[in-house]
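I opened this one to see how the chain is put together. My notes follow, in the order I looked things up.

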Amino acid sequence: MPLYESVLIARNDVSQAQVESIVEQIETLLTQDGGSIEKREFWGLRSLAYRIKKNRKGHYVLLGLNARPDQIRELERQLSLNEDVLRVLTLRVDAIDETPSPVLSRKGDDRGGFRSGGPKPSGRFDSGRGGRRSEDREEYRAREGADQGAE
């Protein structure tokens, strides 16, 4: 039987257990006709590149499938009817790689030089909000001193 890799994105407001039940439904659908799931990877809740059906995040799952083409068509039809599934992409592959995908292997790595938040370093440019008030600036103090000396 041909091998496939399928990535599905489930809505962010469903729980991890509900995502696993979707995968179980896929497995029962495939095993009825002799297919199987060779690989499962739950990538977790991730941000989407753009909104899909008013969702900004989704639960990602990668599946390695061993099934016939008609089973894959039925699987995609069933998943398109499921309201909890936002997107499905299925590709035919020559072999299912048993090593962890780059998404999972990168998950534990440190992101390097990117700052993910925290306080910003104080610099030359301020947003103009909250910091110094206009009365505290040097030129206003100098003007006030000159105005008071002229009187």
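I started with Asp94, which is exposed, with a relative accessible area of 82%. (Buried means under 20% relative accessible area, exposed over 50%, partly exposed in between, with a 1.4 Å probe and protein chains only.) I found Asp94 in the loop between S4 and H3. Helices here are DSSP runs of H or I with at least four residues, strands are runs of E with at least two, and both are numbered from the N terminus. I also checked Asp94 against Pro2: they are 92 residues apart along the chain, yet their C-alpha atoms are separated by 7.9 Å.

A note on what I am reading: this is a predicted model, where local features need pLDDT of at least 70, side-chain atom pairs count only at pLDDT 80 or more, and totals for chains, interfaces and linings use all residues. Residues are numbered from 1 along each chain as its sequence is written, and side-chain values use heavy atoms, with hydrogens and water left out.

Next I looked at Ser101, in the loop between S4 and helix H3 (102-107). Is Ser101 buried or exposed? It counts as buried, because its relative accessibility is 8%. Leaving aside neighbours within four places in sequence, I see Ser101 in contact (heavy atoms within 4.5 Å) with Lys39, Glu41, Trp43 and Leu62.

Then I stepped back to the whole chain. I count 4 helices and 4 strands, and from the N terminus on the order is β-α-β-β-α-β-α-α. Of the 151 residues, 29% are buried. Among contacts with a separation of 6 or more, 75% come from residues 24 or more positions apart.

On to the strands, where pairing requires at least two DSSP bridges between two strands. I traced S1 (residues 3-11) alongside S3 (residues 55-66): they are antiparallel, with 9 bridges, and Leu8 sits opposite Val61 of S3. S1 also runs antiparallel to S4 (residues 85-93), joined by 8 bridges. In that pairing I find Tyr4 opposite Arg92 of S4.

H1 got a longer look. The buried residues of H1 are Val19, Ile22, Val23, Ile26 and Leu30. They cover an arc of only 95° around the axis, so they lie on the same side of H1; the arc is taken from the directions from the helix axis to the C-beta atoms. I noted Ala17 and Gln32 as exposed on the other side of H1. The buried residues pack against S1, strand S2 (36-52), S3, H2 and S4. After H1 comes Gly34, with a positive phi near 95°.

Last, the cores: sets of buried Ala, Val, Leu, Ile, Met, Phe, Trp, Tyr and Cys residues joined through side-chain atoms within 4.5 Å. The largest nonpolar core has 18 residues, and Ile26, Ile37, Leu63, Leu65 and Leu79 have the most contacts inside it. S1, helix H1 (16-32), S3 and helix H2 (69-81) each supply at least two residues of this core. H1 gives the largest share, 5 residues. Apart from this core I found another, of 8 residues, among them Trp43, Tyr60, Leu86 and Val103.
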